[in-house]
Amino acid sequence: MRVLALDYGSARCGCAVTDPTGTIVTPIDEVLRPGTRKGFSRVLGVVRERGIKRVVVGLPVTLRGTDSAQTAEVRAFAAKLADAVRVPVELYDERYTTAIAAQRGGATSEDSRAAAVLLEDWLTANAARAGEGV
């Protein structure tokens with residue numbers, strides 16, 4: 001099952017996908033201004049073009065696990081996305097993903113590398129459910 005992870009930001013949305021087996025994570029091109037009509041349409045295109053079966057959106061919470069200033073915006077984006085696609089959309093704690101992505105480096109954008117870290121963490125946390133078509 002292909003899963004898409006999104007590291008939402010109003011300027012850029014990092015993106016990462018799994019392979020069809022749901023085991024290998026690859027960062028892909030970020031989507032610019034995902035809150036705009038054009039940007040949101042591009043996110044929908046990624047879901048459609050890549051045969052995505054689940055979307056995981058990074059939830060920006062504080063180090064204590066409480067809502068941050070951007071949490072409401074991300075929740076609203078995820079709700080809008082859930083209304084627009086026919087696959088499950090879920091929120092997942094994205095603490096430390098950007099810091100880890102910065103340490104790793106790479107050719108893709110830091111936002112998409114952060115989405116890859118998020119997706120790797122989500123896959124690990126959901127490994128027990130993977131056989132059930134998470």
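**A helix and its salt bridges**

Mentor: Start in helix α4, where R113 and E110 both sit, three residues apart, about one turn of the helix. Keep in mind that this is a predicted model.

Trainee: What do R113 and E110 form?

Mentor: R113 and E110 form a salt bridge, and their closest N and O atoms are 3.9 Å apart.

Trainee: Is R113 buried or exposed?

Mentor: R113 counts as buried, because its relative accessibility is 12% and the cut-off for buried is under 20%. E110 is partly exposed, with a relative accessible area of 35%.

Trainee: What should helix α4 span, going by its residues?

Mentor: Helix α4 covers residues 110-125, which is 16 residues. At 1.5 Å a residue it should span 22 Å, and its end C-alpha atoms are 22 Å apart, so the two agree.

Trainee: What do the buried residues of α4 pack against?

Mentor: They pack against β1, β2, β3, β4, β5 and α3. The buried residues of α4 include D111, V117, L118, W122 and L123.

Trainee: Back to salt bridges. How many are there?

Mentor: The count comes to eight. One of the pairs is R54 with E90, whose side chains meet at 2.9 Å, N to O. R54 lies in strand β4 and E90 in strand β5, so this pair ties together parts that are 36 residues apart in sequence.

Trainee: Are R54 and E90 buried or exposed?

Mentor: Both R54 and E90 are buried.

Trainee: Which residues are linked in a network?

Mentor: R12, E30 and D111 are linked in a network of salt bridges. D111 is also among the buried residues of α4.

Trainee: And what do D67 and R75 do?

Mentor: The side chains of D67 and R75 meet in a salt bridge too, at 3.4 Å, N to O. R75 is partly exposed, with a relative accessible area of 36%.

Trainee: New topic. Where does K53 lie?

Mentor: K53 is in the loop between α1 and β4. It is partly exposed, with a relative accessible area of 49%.

Trainee: Which residues does K53 touch?

Mentor: Leaving out residues up to four places away in sequence, K53 touches M1, R2, V87 and P88.

Trainee: Last one. Where is confidence lowest?

Mentor: In helix α3, residues 97-104, with a mean pLDDT of 82. It is highest in helix α1, residues 37-49, at 98. The protein chain averages 91, and 95% of the residues score at least 70.

Notes. Residues are numbered from 1 along each chain as its sequence is written. This is a predicted model: local features need pLDDT of at least 70, side-chain atom pairs count only at pLDDT 80 or more; totals for chains, interfaces and linings use all residues. Side-chain values use heavy atoms; hydrogens and water are left out. pLDDT is the predictor's confidence in each residue, from 0 to 100. Helices (H or I, at least four residues) and strands (E, at least two) are DSSP runs, numbered from the N terminus. The expected span of a helix is 1.5 Å times one less than its number of residues. Buried means under 20% relative accessible area, exposed over 50%, partly exposed in between (1.4 Å probe, protein chains only). Contact means heavy atoms within 4.5 Å. A salt bridge is a side-chain nitrogen of Lys or Arg within 4 Å of a carboxyl oxygen of Asp or Glu.
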